[in-house]
Amino acid sequence: MDRDWANLESLALDIIISKLIEPIDHIWFGSVCKNWHSIAKLNHLNNYKFRNNILPMLMIPSKKNPRKRSPRKRSLFSISANRVYEFQLTVFSNKRVCGSTHGWIATVDKNNVITLVNPFKDVAPIILPRIDVYDSYKYYEFDVRKVTLSVDPITNPNDYVVAAIYTNRGCLAFMKAGQEFWTYMDDIDNRRHTGFVDVAFYKDLVYAVSRWKSIVSFDLCYSTCPYRFEERIPNFVREQGENETYSSLAYLVTSLEGDLWMVRRFVDTVYPYVGGTGNNGTQSFQVFKLELDCTGEKLINMIKLETLGDNVLFLGGSDSTSISASYFSCYVQKNSIYYTDNYIDDTPVRYPQVPYDMGIYNVKDGSFGIHCPFKPYFKGLAPPVWVLPPFQWDC
């Protein structure tokens, strides 16, 4: 007798869907039939933990189709299932991504125009005004290091902010929805506010960190005119010390406890792509908890962390993310940082023919591991980035 899969009892379906970790598997589950769709939708509405614990996926180059001459696009790699989802996203593999934020992917063209696309939703791209890149790299794709959004423009179409790190000097700029010019955060007299490698929104401020541990912040009340060029000076949360150690990369991430953390990444910049050992280039990480005053504008204390508690960090060219080690205990390693390759030197390679500098770093014992094995068809293509696919039942 053939089993009537469409009309399985709800208890059986609940057990099946409880085993699915990736949001995309929930969507596929719900597409089987009306009964399965209703179970998936009800599970999403009632399962608060699932809605608030989404595991990042790795956006990787797709395999080349020999019958197609068009540029390769991107696929998704699941670290929980250790598998590639072969459907193609509308993001080309031969073009560097300069931001992955709230489900939106940022790229920059040769005219210094940043475009945001959402490959997970049927929405129009957002084309931002031209940004003033006055010191550029040989390849224009590196002229914008990082782009991040304050909120999702789909849910807040008139109330989002874009922040960017641009030029080979690591300068800051931001703009609000509807504005036609960027506001540039700089000091014309001495150019002290440069060298930034990451920018993030935290509470009501924007923070940026440099390779030398300096941290600045600024609020979003500066720019009021949507049509006039503006330039502002950010506030120093922490200034660079006299004998400060240099780290090639640094990140800002909000912990599960709601604190702001700074992560420093030390990379062998002489031979950044040697080996195949799981730590090509990256030598170590350091994690610091930042204790700020009540305004968030001054650093009171900076505490180096030897363990991450329940936090597991995902870092790279995307928005930095922290997830729960206990919730995903079967799929991620505790006290670990999952990182991708977003190192840019003075003359960046476009793109390496050898393994990317990505892997897993254990903060407690200093060991390295691999989250996505390097595949031959990755060669010569832009590095993977973490994405958080937006997941919601609209109907």
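**Ties, rings and strands**

What we have here is a predicted model, in which local features need pLDDT of at least 70 and side-chain atom pairs count only at pLDDT 80 or more, while totals for chains, interfaces and linings use all residues. Residues are numbered from 1 along each chain as its sequence is written, and side-chain values use heavy atoms, with hydrogens and water left out.

Back to our two residues. Lys 213 and Glu 244 form a salt bridge, with 3.7 Å between the closest N and O atoms; the term asks for a side-chain nitrogen of Lys or Arg within 4 Å of a carboxyl oxygen of Asp or Glu. Lys 213 sits in the loop between β13 (205–210) and β14 (215–218), and Glu 244 in the loop between β16 (235–238) and β17 (249–254), so this pair ties together parts that are 31 residues apart in sequence. Strands, by the way, are DSSP runs of E, at least two residues long, numbered from the N terminus.

Which other residue meets Glu 244 in a salt bridge? That is Arg 238, at 2.9 Å from N to O. Arg 238 is buried too, with a relative accessible area of 17%. Through shared partners, the salt bridges join Lys 213, Arg 238 and Glu 244 into one network.

The structure holds five salt bridges. One of them links the side chains of Lys 146 and Asp 198, at 2.5 Å from N to O. Here Lys 146 belongs to strand β8 (residues 144–149) and Asp 198 to strand β12 (residues 196–202), so the pair ties together parts that are 52 residues apart in sequence. Lys 146 and Asp 198 are both buried.

Now for the rings. There are 15 aromatic pairs in the structure. Rings of Phe, Tyr and Trp (its six-membered ring) pair if their centres lie within 6.5 Å, and planes under 30 degrees apart are stacked, over 60 edge-to-face, the rest tilted. Among the pairs is a tilted one, Phe 285 with Tyr 339, at 5.1 Å centre to centre and 50 degrees between the planes. Phe 285 is in strand β19 (residues 282–292) and Tyr 339 in strand β23 (residues 336–339), so the pair ties together parts that are 54 residues apart in sequence.

Together with Tyr 361 and Phe 368, Phe 285 and Tyr 339 make one aromatic cluster.

Last stop, the strands. An open sheet of four strands runs in the order β3-β2-β1-β26, with antiparallel pairing; strands pair if DSSP finds at least two bridges between them. At its edges are β3 (83–89) and β26 (385–387), each pairing on one side only. Inside that order, four bridges join β1 (residues 57–61) to β2 (residues 74–78), and Met 59 has Leu 76 as its bridge partner in β2.

Elsewhere, β21 (residues 311–315) and β22 are antiparallel and joined by four bridges. They form a hairpin with five residues between them, and Gly 316 in the turn has a positive phi of about 155 degrees. Val 312 stands opposite Ile 323 in β22.

How are the faces of β22 (residues 321–324) placed? Both are covered: Thr 321 and Ile 323 on one side, and Ser 322 and Ser 324 on the other, are all buried. In a regular strand, side chains alternate between the two faces of the sheet.

Definitions and conventions: Buried means under 20% relative accessible area, exposed over 50%, partly exposed in between (1.4 Å probe, protein chains only).
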